Amino acid sequence: MASPDLLIVGSGLFGLTVAERAAVEHGAKVVIIDRRDHIGGNAYSEVDETTGIEIHKYGAHLFHTSNERVWDYVNRFTEFTGYVHKVYTNHKGVVYPLPINLGTINQFFGASYSPDEARALIAEQAGELAGTDPENLDEKGISLIGRPLYEAFIKNYTGKQWQTDPKDLPAGIISRLPVRYTYDNRYFNDTHEGLPAQGYTAWLERMADHPNIEVRLGTDYFDTTQEYHRDAVRGQLPVIYTGPVDRYFDYELGDLKWRTIDLETEHLESTGDFQGTSVMNYADADIPFTRIIEPRHFHPERDYPADRTVIQREYSRFAAREDEPYYPVNSGTDRETLLAYREMADAEPGTLFGGRLGTYKYLDMHMAIGSALSLVDNKLADLLRQ
Ligand code: FDA
């Protein structure tokens, strides 16, 4: 492309949404660069060669939203299946439904409580620490749902996610623990939910399929040997940057901390169905992984082989600089550092920071798209004029 009007760093859902709107609404010529060798950021998926099963390369991605504008927008690029997400958890070898609901409670206590009876029981158990201010995650969990349910389903799972004993985690990590006093175990409460019928990659590629959009893969913004590197572009071309904000400023004020996950993929030829559902959590401390994903169950409508399957064991840990940053740790120090980086970002000529990494915020897909659409509404025209 001769001379683009806009450079977008990162081809995740945030970058793709801005690119698509800039090309269609503003007629802008857009170059998207991504350091990975594929489009789509963390929502990318690929087809497993031996089974034909679609695998979410960076962890399970379930689309859900109550935002009508986002729902209308994404439906321009893909149809969605009727998939409804449900999660189960294995505690001491017994499987329970999540989020904690009347089914979980009655199974756990071996009872047949009515909603009112269950509510009264949990309120009584949560009263154990009444009158005290929770000093750590353990106390917070107990004060929200009572010790028995907290210790069975939340304590060790959260401990594994954070590689830290919940007694040493701040109470503020959780503000609420939902308990449903019905048997409804639908995981999300949103109006719309489903999975892209032809897979994530087809959806993501369609967003970039416009004559005004050029995608350059395997291209890092900080690689000074490539045409559109930061130091060549800064102040010369309008930029939307969706990479990590601390990396942009060469970690000048320190690193923002993230958690990441490792996925251990296993092909099974002994069975066509390992666990009967897409996501099984493991709530106990003696199992090192947090959950097992069996991707074939994301698409029950597809004709996948009946005699083979793929599973992914998920392990959670703190991320080092070279790891994929997934979930912001968001400690007090991180928040202070972020504010200082934000000031620097605001002063950066012709560059807007967005997306999960650029704002150091966990965003679901619909939130990343919604926030990109807001940026287009409120800031893109000015940026393109610069
Ligand atoms: P995203 O990270 O997708 O894209 C950023 C892009 O920038 C990447 O492709 C990266 O390679 C590129 N980049 C970074 N630095 C660069 C550089 N220096 N030069 C060039 N390119 C660079 N959401 C949801 O709705 N339902 C779900 O079930 C899940 N599940 C889920 C699981 C896991 C494990 C994670 C980590 C996240 C989810 N999400 C999710 C969230 C979802 O992945 C998220 O909303 C989108 O990734 C956000 O898109 P972004 O474009 O902001 O970032």
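**Group meeting talk: a sheet, a ligand and a pocket**

Good morning. Two bridges join strand S11 (residues 258-268) to strand S15, and these two strands run antiparallel. The helices (H or I, at least four residues) and strands (E, at least two) that I name are DSSP runs, numbered from the N terminus. Two strands count as paired if DSSP finds at least two bridges between them. Trp258 has Pro328, in S15, as its bridge partner.

Before I go on, a word on the source. This is a predicted model, in which local features need pLDDT of at least 70 and side-chain atom pairs count only at pLDDT 80 or more, while totals for chains, interfaces and linings use all residues. Residues are numbered from 1 along each chain as its sequence is written, and side-chain values use heavy atoms, with hydrogens and water left out.

Let us return to the sheet.

Two points of the backbone deserve attention. Most residues other than glycine have a negative phi, and most peptide bonds are trans. The peptide bond between Leu98 and Pro99 is cis, with omega at about -15 degrees. Pro99 belongs to the loop between S7 and helix H3 (102-109). Asp250, which is not a glycine, has a positive phi near 50 degrees, and this residue lies in the loop between helix H9 (245-248) and S11.

I turn now to the ligand. Which residues are closest to the ligand? They are Asp34, His61, Leu62, Leu363 and Met365, out of 33 residues that surround the ligand, each with a heavy atom within 4 Å of it. In polar contacts, that is, pairs of N or O atoms within 3.5 Å, a polar side-chain atom of Asp34 lies 2.6 Å from a ligand oxygen. For His61, a side-chain N or O atom is 2.7 Å from an oxygen atom of the ligand. Asp220 places a polar side-chain atom 3.1 Å from a ligand nitrogen. The protein covers 97% of the 990 Å² of accessible area that the ligand has on its own, by the Shrake-Rupley method with a 1.4 Å probe. Helix H11 (355-359) gives the most to the shell, with three residues.

Finally, the second largest pocket. A pocket, on a 1 Å grid over the protein atoms alone, is an open set of points where a 1.4 Å probe fits, with protein on both sides within 12 Å along at least five of seven lines; lining residues have an atom within 4 Å of a point. This pocket is lined by 25 residues, and Leu352, Phe353, Gly354, Thr359 and Lys379 lie nearest its centre. H12 gives the most to this lining, with six residues.

Terms used
A polar contact is a pair of N or O atoms within 3.5 Å; within protein, one must be able to donate a hydrogen and the other to accept it, and residues adjacent in sequence count only if both atoms are side-chain atoms.
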